Amino acid sequence: MAAESGAGTQAVERAMSLLTCFTDEHSELRISELCAQTGLGQSTVSRMVSSLDRMGFLVQDTRTGLYRLGPTAVTLGSVALNSSPVFRAARQIAQNLAHVADLGANLAEFRGDQLFYLGNFEGAKSPKSFTMAGRTAPLHATGMGKTLLSAQAPDYVRDYYTRGLAVAYTPHTLTELSSMESALSEIRSRGYATEIEELAFGRACVAAPIRGRSGEVVAALSVSGPLSELDDPARRRELALMVVEAADEVSVALGFTMARAPQPRVPLP
């Protein structure tokens, strides 16, 4: 019985390893590529892919023979997203924010030393041809990531840098611990974070924390777009006020009592 249970667990792990091979960069794969990535034999991969195809987790392009994730994976992803209390509370608020700001509104939470996107909503001046939901980004190089880092214990931030996670994406990325500590102190004081070309050239954002019932920071909300739309200090201040207000609205929807919240100052950046 134990051997049978072990074999079943191994089969599940192998099947999941096949599904995780599919990424934005490699959204369509051949059997041979799945074998190379997982180290599994061709007969094993072919058999499992056939089962995943029948269940709708994978679909095969009849013209190219390549496999991609199927409708069942989409359904499960939607169920997972809709089960998130943060997403449910923030969805309409973030959508309204994107409309008013004319920029992208993004929602994310802290997960495994990274920023994990729960969703994004397009603004007229920041269109996207893809969804951010399910993607990850570095904590130290994003506005939302720095917002979440500002709520972590100092030991965690020091350990993050000690482990070499703060890699440079542009010359503006905060790769020195002292620089990040100063930035986090400022974020706590004024109640929002900015990111100006720290992850990618020509991009910028303003982010604010979302708090749960007990006051802990559980997620972050931001507006982002081309640097030309956020380069002016007065415009950044205007957007900061919008984002802080929207994030506070989500916090209230999650049960947080704003009377207990630290009152942010929103000075000119």
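# Chatting through the fold

Author: In the protein chain, residues 24 or more positions apart account for 55% of the contacts with a separation of 6 or more, where contact means heavy atoms within 4.5 Å.

Reader: OK, and what sort of model is this?

Author: It's a predicted model, where local features need pLDDT of at least 70, side-chain atom pairs count only at pLDDT 80 or more, and totals for chains, interfaces and linings use all residues. Residues are numbered from 1 along each chain as its sequence is written, and side-chain values use heavy atoms, with hydrogens and water left out.

Reader: How many helices and strands in the protein chain?

Author: Ten helices and eight strands. Both are DSSP runs numbered from the N terminus: helices are H or I with at least four residues, strands are E with at least two.

Reader: And what does the C-alpha trace span?

Author: About 65 × 40 × 40 Å along the principal axes of the protein chain. Of its 269 residues, 43% count as buried. Buried means under 20% relative accessible area, exposed is over 50%, and partly exposed is in between, with a 1.4 Å probe and protein chains only.

Reader: Let's do the sheet. What's the strand order?

Author: It's an open sheet of six strands, ordered 5-4-3-8-7-6, with antiparallel pairing. Two strands pair if DSSP finds at least two bridges between them.

Reader: Which ones are the edge strands?

Author: Strand 5 (136-138) and strand 6 (193-196), each pairing on one side only. From one strand to the next, the twist averages 30 degrees, taking axes as lines fitted to C-alpha atoms and angles from 0 to 180 degrees between N-to-C directions.

Reader: How many bridges join strand 7 to strand 8?

Author: Nine, and those two run antiparallel.

Reader: What about strand 3 with strand 8?

Author: Five bridges, antiparallel again. Asn 106 has Ser 222 of strand 8 as its bridge partner, and Leu 107 has Leu 221.

Reader: Is strand 8 enclosed or open?

Author: Seven of the ten residues of strand 8 are buried, so the strand is largely enclosed by the rest of the structure. Take Ser 222, which sits in strand 8 (residues 217-226): at 2% relative accessibility, Ser 222 counts as buried.

Reader: What does Ser 222 touch?

Author: Leaving out residues up to four places away in sequence, Ser 222 touches Leu 97, Gly 104, Ala 105, Asn 106, Met 144, Val 206, Ala 207 and Val 243.

Reader: Now the largest nonpolar core. Which residues touch the most other members?

Author: Leu 97, Leu 107, Ile 210, Leu 221, Val 223, Leu 239 and Val 250, out of 34 residues. The elements supplying at least two residues each are helix 5, strand 3, strand 4, strand 7 (203-211), strand 8, helix 9 (227-230) and helix 10 (233-253). Helix 5 gives the largest share, nine residues. A nonpolar core here is a set of buried Ala, Val, Leu, Ile, Met, Phe, Trp, Tyr and Cys residues joined through side-chain atoms within 4.5 Å.

Reader: And what is Ile 210 in contact with?

Author: Leaving aside neighbours within four places in sequence, the contacts of Ile 210 include Leu 107, Leu 221, Ala 247, Val 250 and Leu 254. Apart from that core lies another, of 22 residues, among them Leu 115, Tyr 117, Met 144 and Tyr 160.

Reader: Switching to helix 3. Which of its residues are buried?

Author: Thr 44, Val 45, Met 48, Val 49 and Leu 52. Seen down the axis of helix 3, they fall within an arc of 125 degrees, so they line one face; the arc is that of the directions from the helix axis to the C-beta atoms. On the other side, Gln 42, Ser 43 and Arg 54 are exposed.

Reader: Which residues have a positive phi without being a glycine?

Author: Asp 102 does, at about 65 degrees, in the loop between helix 5 (85-101) and strand 3 (104-111). Asp 113 also has a positive phi of about 65 degrees, in the loop between strand 3 and strand 4 (114-121).
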